[in-house]
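Subject: Structure handover

Hello,

I am passing the structure below on to you.

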Amino acid sequence: MGEIAIAAEKVCKVYKLYDKPKDRMFEALGLTKKKKYTEHFALSDVSFNVKQGECVGIIGTNGSGKSTILKIITGVLNPTSGTVKVDGRISALLELGAGFNQEYSGMENIYLNGTMNGFTEQEIDARMQDILDFADIGDYVYQPVKTYSSGMFVRLAFSVAINIDPEILIVDEALSVGDVFFQAKCYHKFEEFKKMGKTIMIVSHDLSSIAKYCDRVILLNQGIKLGEGAPKEMIDDFKRVLVGQYELPASKSEQSLLNDADVQEAVEKDIASKKKSKDAVNTLEYGTQEAEIEEFYILDDRGIRTNAVIKGAQFSIHMRVRFNNDLPAPIFAFSIKTAKGTEITGTNTMFEKAFLEPVKAGAVKEVCFTQKMSLQGGSYLISFGVTGYNGNDFQVYHRLYDALDVTVISDKDTVGYYDMDSKVTVTDAKME
């Protein structure tokens, strides 16, 4: 396989769904010739390669097949068709409880997991202190695992997974139950693994972490791979899926007459046609067009249009919106992201309680958000949106992702994205 750590080719996973339990029994015993089940494609012809040393994320809605593909890669499940080839020792943290005996103590489970991964007792002993230090659950390691909280459990499970010297680490959403300090420690470990040239695959709903740590992202929906590419691009596509603005190809469960070429062609056509350009920035645009954002720009503290703002100065973000339909209560919004796609901040008129009125077709609204620039020096991307609710259903009338770039000019940067604008005093301590 050379530099390829994981190669998945046309992987399908089909489950038989029965209306009644007795139908399953009759078929198993060969007592019926009529098909008593419907086929559900958890995965439909999914193909991708993961190179050694890459950190690859998998995102998608619930039921899209993310966990299924990870279980096939690790050997927990067998594919119905297709192949998966893995080059390297895998350590996987798939879900709470996987690979642990609830009746055993934490210490016994460490030896159990280590043995399952091919280590001798002596090799596990050599790694034991590192495992215990990272898990940091104290004397609970001698208690039965069934008495652990979910946080304690994932600390121990992850500690075992990363300290058995894996070449490929696979993590499925398990970190979401850890506290913020443990999550920070885990992601620091991810960075260490990447520097060591190890391969990581992550399934997560935390899009900020996906954008920050992953080199590449695979987007799944209803068992079909919609695309793979840079994190920012795939996350933007995923957001379109969430609001029903992505033209989805039919799954095999829904339309068995579509052949493989038809599905792939539908995906490729949508990917090719979904992007439009606004100014010099590669903008992703979609919506029902019941309202349209016609213009957007930034004004500095002197009222001059600009794409550069001095840190600490007042500035305003503007958008002009034309309405093509009567709308009950449109919501105007903006958000700011890093160049890699990590969403930093944003607001809208509903949060600010600034505009909660109906609008008639033909109206044009000028929207202005004014604030102080507190971001660190650097380049950022601004997205705009006009949304609303039709009853309980959320609607996107017009959304422009990465429509405007802004550069923050600063002579003093602190840690992170924001400057807390701290006032510092240092005085002599009073001696008693």
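To begin with the cavity: helix 3 (106-116) and helix 4 (121-135) each supply at least two residues of the lining of the largest cavity. Helix 4 gives the most, with 3 residues. Please keep in mind throughout that this is a predicted model.

The structure holds 1 cavity of 30 Å³ or more, and the space in the largest cavity comes to about 40 Å³. Its lining consists of Ile 110, Gly 114, Phe 119, Ile 124, Arg 127, Ile 131, Val 160 and Ile 164. Sorted by class, that lining has 6 nonpolar, 1 polar and 1 charged residues.

Overall make-up

The chain has 432 residues, and buried residues make up 45% of them. It has 9 helices and 19 strands. Of the contacts between residues at least 6 apart in sequence, 72% join residues at least 24 apart.

Largest pocket

The volume of the largest pocket is about 510 Å³. Its lining has 22 residues, and those nearest the centre are Ala 333, Ser 335, Glu 343, Arg 399 and Tyr 401. Two or more lining residues come from each of helix 8 (231-242), strand 15 (331-338), strand 16 (343-348), strand 18 (378-390) and strand 19 (393-409). Among these, strand 18 gives the most, with 5 residues. The lining divides into 12 nonpolar, 7 polar and 3 charged residues.

Two of the residues nearest the centre of this pocket, Glu 343 and Tyr 401, come up again as contacts of Lys 239. Lys 239 lies in helix 8. Is Lys 239 buried or exposed? Its relative accessible area is 14%, and the cut-off for buried is under 20%, so Lys 239 counts as buried. Apart from neighbours within four places in sequence, Lys 239 is in contact with Leu 207, Tyr 286, Glu 343 and Tyr 401. The C-alpha atoms of Lys 239 and Thr 61 are separated by 9.9 Å, with the two residues 178 apart along the chain.

Strand 8 (216-221) is largely enclosed by the rest of the structure, because 6 of its 6 residues are buried. Arg 216, Ile 218 and Leu 220 point one way from the strand, while Val 217, Leu 219 and Asn 221 point the other way; all are buried.

Which strands does strand 8 pair with? Strand 3 (residues 55-60) runs parallel to strand 8 and is joined to it by 5 bridges. In that pairing, Ile 59 stands opposite Leu 219.

Strand 8 and strand 9 form a hairpin with 2 residues between them. With a relative accessibility of 32%, Gln 222 counts as partly exposed.

Other loops

A second residue with a positive phi that is not a glycine is Gln 289, at about 70°. Gln 289 is placed in the loop between strand 11 (281-286) and strand 12 (291-299). Its relative accessible area is 30%, so Gln 289 is partly exposed.

Asp 300 is in the loop between strand 12 and strand 13 (308-310). Where does its side chain reach? The Asp 300 side chain comes to 2.8 Å from the backbone nitrogen of Arg 302. Leaving out residues up to four places away in sequence, Asp 300 touches Thr 306, Gln 314 and Phe 315. At a relative accessible area of 13%, Asp 300 is buried, whereas Gln 222 and Gln 289 are partly exposed.

Regards

How values were computed. Residues are numbered from 1 along each chain as its sequence is written. This is a predicted model: local features need pLDDT of at least 70, side-chain atom pairs count only at pLDDT 80 or more; totals for chains, interfaces and linings use all residues. Side-chain values use heavy atoms; hydrogens and water are left out. On a 1 Å grid over the protein atoms alone, a cavity is a set of points where a 1.4 Å probe fits but cannot get out, and a pocket is an open set with protein on both sides within 12 Å along at least five of seven lines; lining residues have an atom within 4 Å of a point. Grid points are joined across faces, edges and corners, and a volume is the space filled by probe spheres set on the points. Helices (H or I, at least four residues) and strands (E, at least two) are DSSP runs, numbered from the N terminus. Ala, Val, Leu, Ile, Met, Phe, Trp, Tyr, Cys and Pro count as nonpolar, Asp, Glu, Lys and Arg as charged, and the others, Gly among them, as polar. Buried means under 20% relative accessible area, exposed over 50%, partly exposed in between (1.4 Å probe, protein chains only). A polar contact is a pair of N or O atoms within 3.5 Å; within protein, one must be able to donate a hydrogen and the other to accept it, and residues adjacent in sequence count only if both atoms are side-chain atoms. Contact means heavy atoms within 4.5 Å. Two strands pair if DSSP finds at least two bridges between them.
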